[in-house]
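Subject: Structure handover

Hello,

Here is the structure I said I would pass on. My notes follow below it.

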Amino acid sequence: MQLYESFRLSVDSIVAHKMRSSLTLLGVVIGVMTIISTMSVIKGLQNLMEDELSMLSAGVFQVQRDDPGGFDDGPRDRRWRPKLTMREYRALAEHMTMAEVVAPEVWTGRGLARYENEATPPNLSLCGGGIGTDQNNSWVIESGRYLNEQDIQYARDVCVIGSYVRQRLFPFRDPVGEHIVVNGQRLRVIGTFEERGAIFNSWNDYLVVVPITSFADYWGIERSWIITVRAKDPSKMDETIEQAITIMRSARGLSPGEPNNFGIFNSEALVESFNDFTKFIRIAAFGIASIALLVAGVGIMNIMLVSVTERTREIGIRKALGAKRLSILWQFLVEAVILTEIGALIGVGIGVASSLLLGTAANIPVAIPPWSIGVGILFCSIIGLVFGTWPAWKAARLDPIVALRYE
């Protein structure tokens, strides 16, 4: 029997049993939909993260106390890693020949700002910054100015605020020149930052930056510093990082055999951490999809066995007229594959639609990777072939005489 005839008979059989076929396809639809919707959301978030990693501008990396993913050397390493201080900052600032900007920063959370009768929730990020901290973090001034040398040298009571703080405390006027109270400290606003308003960078809008020297007076010096370094040539990022590691090891007196007691962090490390985290989500999604497809495969095998039983006389007549075993096998195998592919196409459609609806409703980006559609369709083809083989083989091996006598 030719392929077209097998295809036509298969479609006729599926259409003749609409309800049974629809229930059988449910598992296939769920499996494909799970793969596409999950991969679309993860891919969209990954693309957004890569686009928005302007918290570390191009060619910028951080030297910090911790490794990007935590510590690797156990509890003793956690206890004995020294904090980064002015000493490390000065060593890098003086000896980094491959760096364009070396800037310090120190952070604390749970900041609360007040102005007259208005107040923010206690969720602000408070930063002690230096010259160049704004450049390395891509903070753009909207009004006023950023910190200068005199602000830092004389530990002035000044601050630059993010857009959320400005909108909450000064919704109808420019706050530059006004005084606010931040965690008990009275500060004069000298500038405001432009709104970032993105998913991964929205914390920049909840920001209050003061001179790093003032930060030490207000909230103590026990916190470890972070030192950001901007490479002169972003294409030589690896060499710049190696120079920073060499200077840091020298500043900390580490012997050649000792491991680093500090961490290097850049945008690539953040993307790797995100990928490591989402790897388990991908595995779980594939696991759920695989279970759904296996259940669907069992259902397809069952419906095909029922179909073989119902069409036993038809098979007997065709064999009596000269149909070969291969033609019978091919007909039922094509029917099983078509059944799964219909489910795959429906699953693709629902998966794409649900991904777009979820992205719109939750205001998150969605990017539908073509490979996920290909994987879903390929899985369905394999399921159709694997679980349709036994019923097709059983139909092909029927004795024509026994089949003609079947009632």
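Are Trp-139 and Phe-193 buried or exposed? Both of these residues are buried. Please keep in mind that this is a predicted model.

Aromatic pairs

The count of aromatic pairs comes to seven. In one of them, the ring centres of Trp-139 and Phe-193 are 5.4 Å apart and the planes stand at 50°, so this pair is tilted. Stacked would need planes under 30 degrees apart, and edge-to-face over 60. Trp-139 sits in the loop between α5 (133–136) and β6 (141–144), while Phe-193 belongs to strand β9 (residues 185–193).

Another pair is made by Tyr-164 and Tyr-206: their ring centres are 4.1 Å apart and their planes are at 20°, so the pair counts as stacked. Tyr-164 is in helix α7 (residues 163–169) and Tyr-206 is in the loop between β9 and β10 (207–211), so parts of the chain that are 42 residues apart in sequence are tied together by this pair. Why does Tyr-164 count as buried? Its relative accessibility is 18%, and buried means under 20%. Tyr-206, with a relative accessible area of 26%, is partly exposed.

Strand β1

Strand β1 covers residues 60–64, and five of its five residues are buried. Both faces of the strand are covered. Val-60, Gln-62 and Gln-64 are on one side, and Phe-61 and Val-63 are on the other.

Which strands are joined to β1 by bridges? One is β11 (residues 226–231), which runs antiparallel to β1 and is joined to it by four bridges. Here Val-63 has Ile-227 as its bridge partner in β11. The other is β12 (residues 263–265), also antiparallel to β1, with three bridges between the two. In β12, Phe-265 is the bridge partner of Gln-62.

Surface patch

Leu-378, Ile-382, Leu-385 and Val-386 make up a nonpolar patch on the surface. Together they have about 350 Å² of accessible area. Leu-378, one of the four, is placed in helix α13 (residues 370–396).

Regards

Conventions. Residues numbered from 1 in each chain as written. Predicted model: local features only at pLDDT ≥ 70, side-chain atom pairs only at ≥ 80, totals over all residues. Heavy atoms only, no water. Buried < 20%, exposed > 50% of the residue type's maximum accessible area, 1.4 Å probe, protein only. Pairing = 2+ DSSP bridges. Phe/Tyr/Trp six-rings, centres within 6.5 Å; stacked < 30°, edge-to-face > 60°. Patch = residues over 30% accessible without salt bridge, like charges linked within 9 Å, V, L, I, M, F, W, Y side chains within 5 Å. Areas by Shrake-Rupley, 256 points an atom, 1.4 Å probe, with all protein chains shown as cover. Salt bridge = Lys/Arg side-chain N within 4 Å of Asp/Glu carboxyl O.
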